[in-house]
Amino acid sequence: MKSLTYTRLELLRTLRNRRFFLLSLGFPLILYYLIAGSQQNVHDLGGSGLSAPLYYMVGLASFGTMAAMLSCGGRIAAERAVGWNRQLRITPLSPRTYFRAKVLTAYMMALLSLLALCLAGTTLGVSLGADEWLKMAGLILVSLVPFAALGILIGHVLTPDSIGPALGGGVSLLAFLGGTWFPISAHGFLHDVAQFLPSYWLVQASHVALGGHPWPGRAWAVMAAWTAILSVLAARAYRKDTARV
């Protein structure tokens, strides 16, 4: 019960933080309307076979959900700075429960961001069947697992002063290399680099329900490898941080 109570309180605390809530959902929406609104009549963006509103909807869905997952790192860094983590460590609350609440909160924000962008897409003429929406959402949620580990890691190695620029720059770079802003060609240096990044496969996950190819074995291997590596690093950072207390 203590575990469920803490998780519920963490979810409610996030929803009641109006500034964080509105900025997390509003920024991807503003970008979507700025970019896709002016290209509403483009029906084959960059030879992708997708209309501009559809391509940018799924691309910014990956951007918004990735940012939502990494935002848990910002909250962890802020709580470390004010000593909240130290107080929790002297309670019966286990580290597993603490991090589970952070990950579930991040997933809640990711789902809300995805829903908001999908609704925005319909206002620009995007139309998909319910099964396509569900396929896209399901694989996107799977793709976010390594970003949950990354959020926990940076929350324990960065300070509140440095984590803002790190998150902004990191998300923008990963989105750029992943193909959020433009279709990545099937050949070339950028394509070769993107194949080994989780952000690329996150974007590809959003394309699966849109006529894209299912994830190949390489995609599952890359995502599993990043999840394992980042989870180990996050656990070490947590133990090191705990040892200093």
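In this tour a residue is buried when its relative accessible area is under 20% and exposed when that value is over 50%. At 7%, Y56 therefore counts as buried. Keep in mind that this is a predicted model.

**Confidence**

Colour by pLDDT before going further. The protein chain averages 81, and 91% of the residues score at least 70. Now pick out two helices. Helix α4, residues 84-89, has the lowest mean pLDDT among the elements, at 70. Helix α7, residues 145-157, has the highest, at 90. Where pLDDT is low, predicted coordinates should not be read in detail.

**The tyrosine pair**

The rings of Y55 and Y56 are centred 5.7 Å apart, with their planes at 85 degrees. Angles over 60 degrees count as edge-to-face, so this pair is edge-to-face. Y55 is buried too, at 3% relative accessibility.

**The end of α3**

Select V82, which lies in helix α3, residues 52-82. Buried or exposed: which is V82? Its relative accessibility is 68%, so V82 counts as exposed. Draw a distance from V82 to M66. They are 16 residues apart along the chain, and their C-alpha atoms are separated by 26 Å.

**Helix α5**

Select residues 95-123, which form helix α5. The helix has 29 residues and reaches 43 Å from its first C-alpha to its last. That is close to the 42 Å expected at 1.5 Å a residue. Step just past α5 to G125. Here phi is positive, at about 95 degrees.

**Helix α6**

Select residues 130-143 for helix α6, and find M136 in it. M136 is buried, with a relative accessible area of 1%. Other buried residues of α6 include W133, A137, L139, I140 and S143. The 14 residues of α6 should span 20 Å at 1.5 Å a residue; the end C-alpha atoms are 20 Å apart, which agrees. M136 and H207 are 71 residues apart in sequence, yet their C-alpha atoms are 7.2 Å apart in space.

**Where α6 meets α7**

Show α6 and α7 together. Two packed helices are described by the angle between their axes and the distance between the axes. The axes of α6 and α7 come within 4 Å and cross at roughly 35 degrees. Which residues make the contact? From α6 they are L141, V142 and S143; from α7 they are V145, P146 and F147. By class, 5 are nonpolar, 1 is polar and none is charged.

**Inside α7**

**Last stop: S199**

Select S199, found in helix α10, residues 198-208. S199 counts as buried at 2% relative accessibility. Show what surrounds it. Leaving aside neighbours within four places in sequence, S199 is in contact with M66, F147, L174 and G178.

Terms used. Residues are numbered from 1 along each chain as its sequence is written. This is a predicted model: local features need pLDDT of at least 70, side-chain atom pairs count only at pLDDT 80 or more; totals for chains, interfaces and linings use all residues. Side-chain values use heavy atoms; hydrogens and water are left out. Rings of Phe, Tyr and Trp (its six-membered ring) pair if their centres lie within 6.5 Å; planes under 30 degrees apart count as stacked, over 60 as edge-to-face and the rest as tilted. Buried means under 20% relative accessible area, exposed over 50%, partly exposed in between (1.4 Å probe, protein chains only). pLDDT is the predictor's confidence in each residue, from 0 to 100. Axes are lines fitted to C-alpha atoms, for helices over the stretch in contact, and angles run from 0 to 180 degrees between N-to-C directions. Contact means heavy atoms within 4.5 Å. Ala, Val, Leu, Ile, Met, Phe, Trp, Tyr, Cys and Pro count as nonpolar, Asp, Glu, Lys and Arg as charged, and the others, Gly among them, as polar. The expected span of a helix is 1.5 Å times one less than its number of residues.
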